[in-house]
Amino acid sequence: MSDPKTFKVKVRDTENVLFEQEIDRISSFNEVGPFDVYPMHANFISIVRRGIRFYLKHQMVKEMAFEQAVMKVKSDMAQVFLGIEVLFVDDQAPTASPAPGKKK
């Protein structure tokens with residue numbers, strides 16, 4: 001079980017887990033500005049920008065640079081998903097055909 005002063009984080013792209021560790025703080029940015037996540041943080045999901053930093057015992061243990069990612073925090077588990085925008089570009093839905101008797 002996790003130390004009550006830490007929480008789990010997992011960072012992954014579309015294929016691999018890039019980072020996984022117990023930490024005590026995440027610092028990043030979203031559309032509102034800079035923010036931090038600590039143990040027992042409220043559940044939330046956000047698009048994060050300009051990278052992310054992970055800390056343990058007041059020391060930065062990992063810094064990752066990127067333009068944007070999705071962060072989900074729930075029940076003392078933070079998940080960061082990189083490259084999700086690629087899924088939407090690659091998997092675009094086909095355009096609908098016009099109804100019979102209608103022109104495009």
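**Overall picture**

Modeller: Of the 104 residues in the protein, buried residues make up 27%. Please keep in mind that this is a predicted model.

Biologist: How many helices and strands are there in the protein?

Modeller: The protein has 1 helix and 8 strands. Read from the N terminus, the order of the elements is β-β-β-β-β-β-β-β-α.

Biologist: What share of the contacts with a separation of 6 or more joins residues 24 or more positions apart?

Modeller: Such pairs account for 43% of those contacts.

Biologist: Take Val9, then. What does Val9 touch, leaving out residues up to four places away in sequence?

Modeller: With those left out, Val9 touches Phe19, Glu20, Gln21, Ile23, Ile26, Phe54 and Ala78.

Biologist: Now Thr6. Where does Thr6 lie?

Modeller: Thr6 is in the segment before strand 1, which spans 7–12.

Biologist: Is Thr6 buried or exposed?

Modeller: Thr6 counts as buried, because its relative accessibility is 10% and the limit for buried is under 20%.

Biologist: What does the side chain of Thr6 join in a polar contact?

Modeller: The partner is the side chain of Glu22, at 2.8 Å. Beyond four places in sequence, Thr6 touches Glu22, Ile23, Asp24, Pro39 and Leu56.

Biologist: A change of topic: how many aromatic pairs does a search of the whole structure find?

Modeller: The search finds 2 aromatic pairs. In one of them, the rings of Phe35 and Phe44 have centres 6.0 Å apart and planes at 90°, so the pair is edge-to-face.

Biologist: Why edge-to-face?

Modeller: The planes of Phe35 and Phe44 stand at 90°, and an angle over 60 degrees counts as edge-to-face.

Biologist: Which ring has the charged end of Arg25 over it?

Modeller: That is the ring of Tyr55, with the charged end of Arg25 at 3.7 Å from its centre. Arg50 lies over the face of Phe29, 3.8 Å from the ring centre.

Biologist: One last residue, please. Where is Asp13 found?

Modeller: Asp13 is in the loop between strand 1 and strand 2. Asp13 is partly exposed, with a relative accessible area of 26%.

Biologist: Which backbone nitrogen does the side chain of Asp13 reach at 2.6 Å?

Modeller: It is the backbone nitrogen of Asn16. The backbone nitrogen of Glu15 lies 2.8 Å from a polar atom of the Asp13 side chain.

Biologist: What else does Asp13 touch, not counting residues up to four places away in sequence?

Modeller: On that count Asp13 touches Leu18 and Leu82. The C-alpha atoms of Asp13 and Ala69 are separated by 9.3 Å, although these residues are 56 residues apart along the chain.

Notes
Residues numbered from 1 in each chain as written. Predicted model: local features only at pLDDT ≥ 70, side-chain atom pairs only at ≥ 80, totals over all residues. Heavy atoms only, no water. Helix = DSSP H or I, 4+ residues; strand = E, 2+ residues; numbered from the N terminus. Buried < 20%, exposed > 50% of the residue type's maximum accessible area, 1.4 Å probe, protein only. Polar contact = N/O pair within 3.5 Å; in protein donor to acceptor, adjacent residues only side chain to side chain. Contact = heavy atoms within 4.5 Å. Phe/Tyr/Trp six-rings, centres within 6.5 Å; stacked < 30°, edge-to-face > 60°. Lys NZ or Arg CZ within 6 Å of the ring centre and 35° of its normal.
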